[in-house]
Amino acid sequence: MTDREPSKNISGGESGGGRTATFDPATAATRAEAVVDRLGELYWTKTYGGQDAFDCLVRTILSQNTSDTASQPAHDALMERYTGGADLVAALAEADQSELAETIQSAGLYNQKSARIVALADEIRAEFGGEDGFDEFVREADPDAVRDRLLEMNGVGPKTADCVLLFAGGRGGVFPVDTHVHRIARRMGLAPADADHETVREHIERDVPAEKCGFGHTAMIQFGREYCKARKPACLDDPEACPLADRCEQVGVYPATDEVVDPSDAA
């Protein structure tokens, strides 16, 4: 196994905290766990936790509807402009939105995202006092209560809430579902073909041990970028090209006709 987790991504790469996880693939109790074990052998086996909660929230919002390549420069520019020794929550609560929008424009939807970030900073400052109070809440409060509170915030959906719980809170058993995870889990048959994002999350978190959910999430995203692409998965041209071919039901993938459809359309 080669640990080549991208240094610039939503997890923070090596700077994202966490530690190496160890496991015995021979003990996998479910097919989903066996898939995650294979992904760990292919990529990396990290647990996560330790990021600043508000920074993680901001980073995840910047990543919405765009790629790491686009959102990372926006995050870097934001941190450079607004972390001059001040509490980041306070700095962004008081930020001029137009200036913030200009700062994060590489992330796309910058007017919408800047307004969202300023509003969230103001809300978090009012309720938690700043970065430290929000960190304490995310890391120590009941995880279901944390998730519910995050989901009440404007612009925070399930994937964003789960990323904060995982990368900042270090909570085991949290498997955020983005577009890659949603596609792969249904294509492989780990969740129903017509499952929405929340149903996919429920199936994977039920079938994958808590300590494996973190690297399962990030490694599955990398697998989706390299092998199980939306329009042209590796198995379409060569069934043996995919390192998880023996674990996949290929729902919606038809090599004989060179056709790929959403799993829900194939069901």
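Modeller: One term before we start. Helices (H or I, at least four residues) and strands (E, at least two) are DSSP runs, numbered from the N terminus. This is a predicted model, where local features need pLDDT of at least 70 and side-chain atom pairs count only at pLDDT 80 or more, while totals for chains, interfaces and linings use all residues. Residues are numbered from 1 along each chain as its sequence is written, and side-chain values use heavy atoms, with hydrogens and water left out.

Biologist: Okay. Which helix holds R201?
Modeller: R201 sits in helix α11, residues 197-207.

Biologist: Is R201 buried or exposed?
Modeller: R201 counts as buried, at 13% relative accessibility. Buried means under 20% relative accessible area, exposed means over 50%, and partly exposed is in between (1.4 Å probe, protein chains only).

Biologist: What is R201 in contact with?
Modeller: Leaving aside neighbours within four places in sequence, R201 is in contact with R147, D162, F175 and V177. Contact means heavy atoms within 4.5 Å.

Biologist: New topic. What does UniProt annotate over residues 62-226?
Modeller: An unreviewed UniProt entry has the annotation "domain: HhH-GPD" there. UniProt positions are given in the numbering used here, feature names are shortened, and annotations may be inferred rather than shown by experiment.

Biologist: How much helix and strand is in residues 62-226?
Modeller: That stretch is 70% helix and 0% strand. Its end C-alpha atoms are 23 Å apart.

Biologist: Now α2. How many of its residues are buried?
Modeller: In α2 (residues 53-63), 11 of its 11 residues are buried. Among them are F54, C56 and L57.

Biologist: Which helices do they pack against?
Modeller: The buried residues of α2 pack against α3 (68-82), α4 (88-93), α6 (110-128), α7 (131-140) and α9 (158-168).

Biologist: What about the largest nonpolar core? How many residues does it have?
Modeller: The largest nonpolar core has 68 residues. A nonpolar core is a set of buried Ala, Val, Leu, Ile, Met, Phe, Trp, Tyr and Cys residues joined through side-chain atoms within 4.5 Å. Those with the most contacts inside it are F54, L57, L78, L92, I117 and F134.

Biologist: Take L78. Which residues is it in contact with?
Modeller: Beyond neighbours within four places in sequence, L78 is in contact with V58, L88, L92, L100, T103, I104 and I117. I117 is one of the buried residues of α6.

Biologist: And what do the buried residues of α6 pack against?
Modeller: They pack against α2, α3, α4, α5 and α7.

Biologist: Does the span of α6 agree or disagree with what a helix should give?
Modeller: The span agrees. At 1.5 Å a residue, the 19 residues of α6 should span 27 Å, and the end C-alpha atoms are 26 Å apart. The expected span is 1.5 Å times one less than the number of residues.

Biologist: Last one. What is the phi of L109?
Modeller: L109 has a positive phi of about 50°, although it is not a glycine. Most residues other than glycine have a negative phi. L109 lies in the loop between α5 (97-103) and α6, and it is partly exposed at 45% relative accessible area.
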